[in-house]
Amino acid sequence: MNPVIAPDTYVIYARGLDLPTLTAVCADATGPADARGASDGWAWITYAAAPGRGAAVADLARDLTGFRYDEQFGGPGRVDTVFLASTPACACPHGQNYMVPHCDDHPFNFVYNRGGFGRVYFNVGRRRESRRSGDLLVRELLAAGIVGRETPAYDADPDFNADGAVTMRIIADHFGLPATT
């Protein structure tokens, strides 16, 4: 789906935590990670997408940045996370076209968390980025023609960014995320 993570994978990238701490906390909360690593100031763990697991991993990425772990991590505001899901768009009848969580199997494809809250979140591909919460990446998305009133790439090719690869590259570049594969 993208240059950063393998298909059908959930990734938590954490800045402000070392890899052993991230691995231990995540193992306690959601079970052992499938893969892990650290690079460029980010520690990361991956989980295979499995039924019922997506919401738990996405919630954990948010909780790592909030008050639940304040004392353990040395105070508020020390950790920020990026959650990525390389799962297909949710086909569930509820929430398909709205900015609401879809189901436990289909969390948002991208969430940036800080201070215990999802600051920016949206799904990727097929113009779903226009239904987002937060404007952190809006300039990059506008420049790529993914959102906005004029989207010449979509007009020329309706399948432009259908898999969200362009959006995932923008996210990876903006945050400086290392590849997990």
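Visitor: Which residues are linked with D59 and R62 in a network of salt bridges?

Guide: The model is a predicted one. Within it, D59 and R62 belong to a network of salt bridges that has four members.

Visitor: How far apart are N and O where the side chains of D63 and R68 meet, and is each residue buried or exposed?

Guide: A salt bridge requires nitrogen and oxygen within 4 Å, and this pair meets at 3.1 Å, N to O. D63 has a relative accessible area of 17% and is therefore buried. R68 has a relative accessible area of 63%, so this residue is exposed.

Visitor: Which parts does the salt bridge between R114 and D80 tie together?

Guide: The closest N and O atoms of R114 and D80 are 3.9 Å apart, where the cut-off is 4 Å. D80 is buried at 4% relative accessibility, whereas R114 is partly exposed at 29%. The two residues are 34 places apart in sequence, so the pair ties together strand β5, which holds R114, and strand β4, which holds D80.

Visitor: How many salt bridges does a search of the whole structure find?

Guide: The pairs discussed above include D63 with R68, R114 with D80, and R132 with D135. A search of the whole structure finds a total of seven.

Visitor: What is the nearest side chain of opposite charge to E129, and how far away is it?

Guide: E129 lies in the loop between β6 and α4. This residue is buried and has no salt bridge, the cut-off for which is 4 Å. The nearest side chain of opposite charge is R128, at 6.6 Å.

Visitor: With which side chain does that of E129 make a polar contact?

Guide: Beyond its neighbours within four places in sequence, E129 is in contact with several residues, among them F122, L141, Y154, N161 and T167. The polar contact is made at 3.3 Å, and the partner is the side chain of N161.

Visitor: Which strands stand at the edges of the sheet?

Guide: Six strands form an open sheet with antiparallel pairing, in the order β2-β3-β1-β4-β5-β6. The two edge strands each have a single partner, so one side of each is left without a neighbour in the sheet. Those strands are β2 and β6.

Visitor: By what angle are neighbouring strands of this sheet turned against each other on average?

Guide: The angle is taken with direction ignored, and it is an average over neighbouring strands of the sheet. Its value is 15 degrees.

Visitor: Which residues stand opposite Y10 in β3 and in β4?

Guide: Strand β1, residues 9-15, is joined to β4 by six bridges in the antiparallel sense, and β1 also pairs with β3 over six bridges. Six of the seven residues of β1 are buried, so the strand is largely enclosed by the rest of the structure. Opposite Y10 stand Y47 in β3 and A85 in β4.

Visitor: Which residue in the turn between β2 and β3 has a positive phi?

Guide: β2 and β3 pair over five bridges in the antiparallel sense, with G37 opposite W44. The two strands form a hairpin with two residues between them. The turn residue with a positive phi, of about 55 degrees, is D40.

Visitor: Which elements are included in what covers the buried residues of α6?

Guide: Helix α6 lies across β1, β3, β4, β5 and β6, running at about 165 degrees to β4. The buried residues of this helix include T167, I170, I171 and F175. The cover of these buried residues includes β1, β3, β4, β5, β6 and α4.

Visitor: At what angle does helix α1 run to β3?

Guide: Helix α1, residues 19-30, lies across β1, β2 and β3. Of these strands, β3 is mostly covered, with six of its seven residues buried. The angle between α1 and β3 is about 30 degrees.

Notes: Residues are numbered from 1 along each chain as its sequence is written. This is a predicted model: local features need pLDDT of at least 70, side-chain atom pairs count only at pLDDT 80 or more; totals for chains, interfaces and linings use all residues. Side-chain values use heavy atoms; hydrogens and water are left out. Helices (H or I, at least four residues) and strands (E, at least two) are DSSP runs, numbered from the N terminus. Buried means under 20% relative accessible area, exposed over 50%, partly exposed in between (1.4 Å probe, protein chains only). Lys and Arg count as positive and Asp and Glu as negative; His and the chain ends are not counted. A polar contact is a pair of N or O atoms within 3.5 Å; within protein, one must be able to donate a hydrogen and the other to accept it, and residues adjacent in sequence count only if both atoms are side-chain atoms. Contact means heavy atoms within 4.5 Å. Two strands pair if DSSP finds at least two bridges between them. Axes are lines fitted to C-alpha atoms, for helices over the stretch in contact, and angles run from 0 to 180 degrees between N-to-C directions.
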